[in-house]
Amino acid sequence: QGFKNLEGQKVEKEFIDENSVSTNRIIFVNGIFHNELSSLINHPKINFWNASNSAESNSKDFLIELNNAFANDGVFIEIGDNVIVDELIEIFYINTASTHIINLKNKIKVGKNSQVKFTEYYINYDAKPAYNNIVTDIDVAEYALVEWYKIQDGGNGYNITDNTAVKQEKNSVCNVATLTFTGAISRNVLTFDVNGERAESHMNGFYLLLNDEHVDNRSLVNHNVANCESFELYKGILGGKSTGVFNGKIVVAQAAQKTNAFQSNRTILLSNDANIYTKPQLEIFADDVKCSHGATTSQIEDSELFYLQARGIGKEVARGLLVFAFGAEVLEKIKHEKLRNKLQQRIAELLKIEL
């Protein structure tokens, strides 16, 4: 599962240390914030609260309304203006034989000219069924830079619904990357509202499922103002009886002239029983834009396998190397070296290759 088993149901600090790449950590165990396991950055312009936040009104989404009704914890992080946080802030969602739906609601506010990186880890230490329903709002102020990484590797009993909404102001940059390695059902809904001119939005995804698993990535980018850019790239590898779903939608409002929006979903199928359902969408109401979208599905080419096998590499290792190279484009977009190296090792482990 990518994480060492816990001893019983108690989460030890050593477990956090072994699976962390940062000293800034926010730890939830079975949906409850644990201060004794957490180590929060101490900065006069960074405030933390562990509490459920205001409900989303008129969401028209059953899972968000479920979260509104039952969320009893979460994290509120407010980062002031002109703050640069060099070290990653990690949020751990750890399940230990939980028997109920865990609803967490997070609110992140990043001030003007500030820069920060976050990673969320979704962890289920045993094979017992678990379900996390998480709602996160991220507000990115003018000229701010936010990197947000989601690492989903909870094993075959873990179910996730994750709703993340990003609001961007002028000249801001936000990059959200979602990586799914194991899990029963993983449903990710990502919404960007681009509200300030010259904002830049990046959505990257990578899914590697080799068993009887399901991943569902849905994205919506609302270009509400002129002179903005969005870039969306989701790449996946599906084996066994796994299923992937991609539904990406870009809406360019009439006022959003000079918009550049690009979207791509590319998937490799490793078995005859794996399936991908992909639906890229564009709705354009402006007339001076550059927009493109596309989707491709393929298998490993025999000629590529032959090329490597002819150089003394076994067939399964050759297949693993080709798949690894296919996903490298997404991993390169993770701008934290220790985390990127950790993820590369995890992918190599799943593909049974050595780097």
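## Two asparagines in loops

Asn 113 sits in the loop that joins strand E6 (102-110) to strand E7 (115-124). In this predicted model, its phi is near 65°, a positive value in a residue other than glycine. With a relative accessible area of 36%, Asn 113 is partly exposed.

Asn 227 is not a glycine, yet its phi is positive, at about 65°. Its relative accessibility of 33% makes Asn 227 partly exposed. As background, most residues other than glycine have a negative phi.

## Cysteines without partners

How many disulfides does the count come to? The count is zero. Cys 174 is in no disulfide, and the nearest cysteine sulfur, that of Cys 228, is 13 Å away. A disulfide needs two cysteine sulfur atoms within 2.5 Å. Is Cys 174 buried or exposed? Cys 174 is buried, at a relative accessible area of 0%.

Cys 228 is in no disulfide either; the nearest cysteine sulfur to it belongs to Cys 291, 12 Å away. Cys 228 also counts as buried, with 1% relative accessibility.

## How confident is the prediction?

The protein chain has an average pLDDT of 88, and 91% of the residues score at least 70. One stretch to treat with care is residues 1-8, where the pLDDT is below 50. Beyond near neighbours in sequence, this stretch has 26 contacts in the model. Where pLDDT is low, the predicted coordinates should not be read in detail.

Definitions and conventions. Residues are numbered from 1 along each chain as its sequence is written. This is a predicted model: local features need pLDDT of at least 70, side-chain atom pairs count only at pLDDT 80 or more; totals for chains, interfaces and linings use all residues. Side-chain values use heavy atoms; hydrogens and water are left out. pLDDT is the predictor's confidence in each residue, from 0 to 100. Contact means heavy atoms within 4.5 Å. Buried means under 20% relative accessible area, exposed over 50%, partly exposed in between (1.4 Å probe, protein chains only). Helices (H or I, at least four residues) and strands (E, at least two) are DSSP runs, numbered from the N terminus.
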